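Q: I am new to reading protein models. Could you take me through this one, feature by feature?

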Amino acid sequence: RALERVAAWQLRGLDAMTSCVGAVGSRAGAVGSRARRYLRRFGSAALFHGSFAVVAFAVWKVTCVIPRPYLVWSLEHTTMTIPAVASFIVLSMHAAAVAEAERA
């Protein structure tokens, strides 16, 4: 039976084999592309959410070691300075976008 299949392919010729290999290759490329897109989206989301678990554990361990006065200072700095700087960055990006839109 296997010899019949080989003989059938030999009768079809090189063009048939090349087109079959091309069809399989293009389908594999499409599936691979779809898989890469899915993994890129899922991978970045998993990395983002997984970083919370890692960072939270690290923060927990660090807060156990830091003396109380420094801990209070770092907590104030984290809750006030960092959000303020982030807000300024967002506002400057918005102002730059508005200025660019007015030029156009």
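**Reading the model**

A: Start with the surface. The protein chain has an accessible surface of about 9,300 Å², and 71% of that belongs to carbon and sulfur atoms. Keep in mind that this is a predicted model.

Q: What share of the residues in the protein chain is buried?

A: Of the 104 residues in the protein chain, buried ones make up 1%. A residue is called buried when its relative accessible area is under 20%.

Q: How many helices and strands are there in the protein chain?

A: The protein chain has three helices and zero strands. Read along the sequence, the pattern is α-α-α.

Q: How far does H3 reach from its first C-alpha to its last?

A: H3 has 36 residues and spans 52 Å, close to the 52 Å expected at 1.5 Å a residue. H3 also has a kink of about 30°, centred on Thr78.

Q: Which residues make the nonpolar surface patch?

A: Val85, Ile89 and Met93 make this patch, which covers about 290 Å². Met93 lies in helix H3 (residues 68-103). In an α-helix, residues three or four places apart point the same way, because there are 3.6 residues a turn.

Q: Is Met93 buried or exposed?

A: Met93 has a relative accessible area of 56%, so it counts as exposed; the cut-off is over 50%.

Terms used: Residues numbered from 1 in each chain as written. Predicted model: local features only at pLDDT ≥ 70, side-chain atom pairs only at ≥ 80, totals over all residues. Heavy atoms only, no water. Patch = residues over 30% accessible without salt bridge, like charges linked within 9 Å, V, L, I, M, F, W, Y side chains within 5 Å. Areas by Shrake-Rupley, 256 points an atom, 1.4 Å probe, with all protein chains shown as cover. Salt bridge = Lys/Arg side-chain N within 4 Å of Asp/Glu carboxyl O. Helix = DSSP H or I, 4+ residues; strand = E, 2+ residues; numbered from the N terminus. Buried < 20%, exposed > 50% of the residue type's maximum accessible area, 1.4 Å probe, protein only. Expected span 1.5 Å × (residues − 1). Bend = angle between axes of the 7 residues up to and from the residue.
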